[in-house]
Amino acid sequence: MSDTSDSAMDGALLWAVLVTYRRPDHVRAMLTTLSTQTRAPDRLVVVDNGSGADVRALVERTGVTYVDPGENLGPAGGFALGMTKVLAEAGPQDWILLVDDDDPPRSRDALATLWSYGRRMCQSAKVGAVGLHGGDYDYRRGVFRRFEDAELDGDVDVCVIAGGAHPLYRCRALREAGVMDASLFFGFEEGDLGLRLRAAGYRLLVPGEAAMRWRAQSGHLGIPSANVHTDPAKAPWRRYYSIRNSTILARRYAKTWWAPLYVATGGAAKGLWHMVRTGRSPSAIFLAVRGAVDGLLGRRGRTINPLTSTK
């Protein structure tokens, strides 16, 4: 299905939303990196989950829009707030780039490549987002899967565009499918949004050649495909949200009744094994089990406070 109601794309703007938490040096470096892109964002909104005076002063000196939510909303809530602010002003033909403060573009033309690709693909397809890498979703088991290198050929349809892949979302698609689910707080918010866009009939596309270059630059070539729902090396609070939110997504989108249980028990088992093997405290081990239980019960929000200074 083509998407030609705004196919000319005349005057389209590239907005960017950057979410940070107590990392002014990262923000400073990212602002410089974005400004030196061959296709720099036209408008930039910084959501400061850490409510820091140093970040505010830095951002306001540059003329960038600063948003202080007054509390730590996590990446999911921060992006939801920033996207909502942009959508109040942006046109339907505009795009929104989501930026993590620690994931800079690896080349000066990274955004230009995606900007041109997205605009071109909109002439023949109903496109909701583009990015440099993404994953597939197994609706039967309720887990995401990384694409093999050999699968990155041509225009690749994905179910999720990862946060570090410079995802560009179309404003008209977001107005239909909604922004990030703030209640997820941390983790898998991109997956939830991607699956909602797909359900609304939009395609999420990755240019295979550019994706392979990104993998080569990142040292990610040759890594076998795997389910992406838990990482046993994560900090306990991160693992909690990973298990909880991947289970919540399985409840929402999986096509089998047992998928949420599969995701919850698999994630908890991996987390428990890693923490026992590395001698973690009983309280840390408990978080893996709690993540599975909270996911199965559908508990959302900031239920665990991150014990870290990162976002």
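**Close-up 1. Phe185 in the loop between helix H5 (171-177) and helix H6 (189-199)**. In this predicted model, Phe185 has a phi near 65°, which is a positive value in a residue other than glycine. Most residues other than glycine have a negative phi. With a relative accessibility of 3%, Phe185 counts as buried, because the cut-off for that class is under 20% relative accessible area.

**Close-up 2. His166 in the loop between strand E9 (160-161) and strand E10 (168-170)**. The backbone of His166 shows a positive phi of about 55°, although His166 is not a glycine. The relative accessible area of His166 is 4%, and this residue is therefore classed as buried.

**Close-up 3. A nonpolar patch on the surface formed by Val289, Val293 and Leu297**. Together, Val289, Val293 and Leu297 present about 230 Å² of accessible area. Leu297 belongs to helix H10, which covers residues 282-297, and Leu297 has a relative accessibility of 52%, so that it counts as exposed, the cut-off for this class being over 50%.

**Close-up 4. The second largest pocket and its lining of 16 residues**. The space in the second largest pocket amounts to about 260 Å³, and, of the residues that line the pocket, Pro41, Asp42, Arg43, Leu44 and Val64 lie nearest its centre. Helix H1 (24-35) and strand E2 (43-48) are the elements that give two or more residues to this lining. Sorted by class, the lining of the second largest pocket consists of eight nonpolar, four polar and four charged residues.

Key. Residues are numbered from 1 along each chain as its sequence is written. This is a predicted model: local features need pLDDT of at least 70, side-chain atom pairs count only at pLDDT 80 or more; totals for chains, interfaces and linings use all residues. Side-chain values use heavy atoms; hydrogens and water are left out. Helices (H or I, at least four residues) and strands (E, at least two) are DSSP runs, numbered from the N terminus. Buried means under 20% relative accessible area, exposed over 50%, partly exposed in between (1.4 Å probe, protein chains only). Patches are made of residues with over 30% relative accessible area and no salt bridge: like charges are joined within 9 Å, nonpolar side chains (Val, Leu, Ile, Met, Phe, Trp, Tyr) within 5 Å. Accessible areas come from the Shrake-Rupley method with a 1.4 Å probe; for residues, only the protein chains shown count as cover. A salt bridge is a side-chain nitrogen of Lys or Arg within 4 Å of a carboxyl oxygen of Asp or Glu. On a 1 Å grid over the protein atoms alone, a cavity is a set of points where a 1.4 Å probe fits but cannot get out, and a pocket is an open set with protein on both sides within 12 Å along at least five of seven lines; lining residues have an atom within 4 Å of a point. Grid points are joined across faces, edges and corners, and a volume is the space filled by probe spheres set on the points. Ala, Val, Leu, Ile, Met, Phe, Trp, Tyr, Cys and Pro count as nonpolar, Asp, Glu, Lys and Arg as charged, and the others, Gly among them, as polar.
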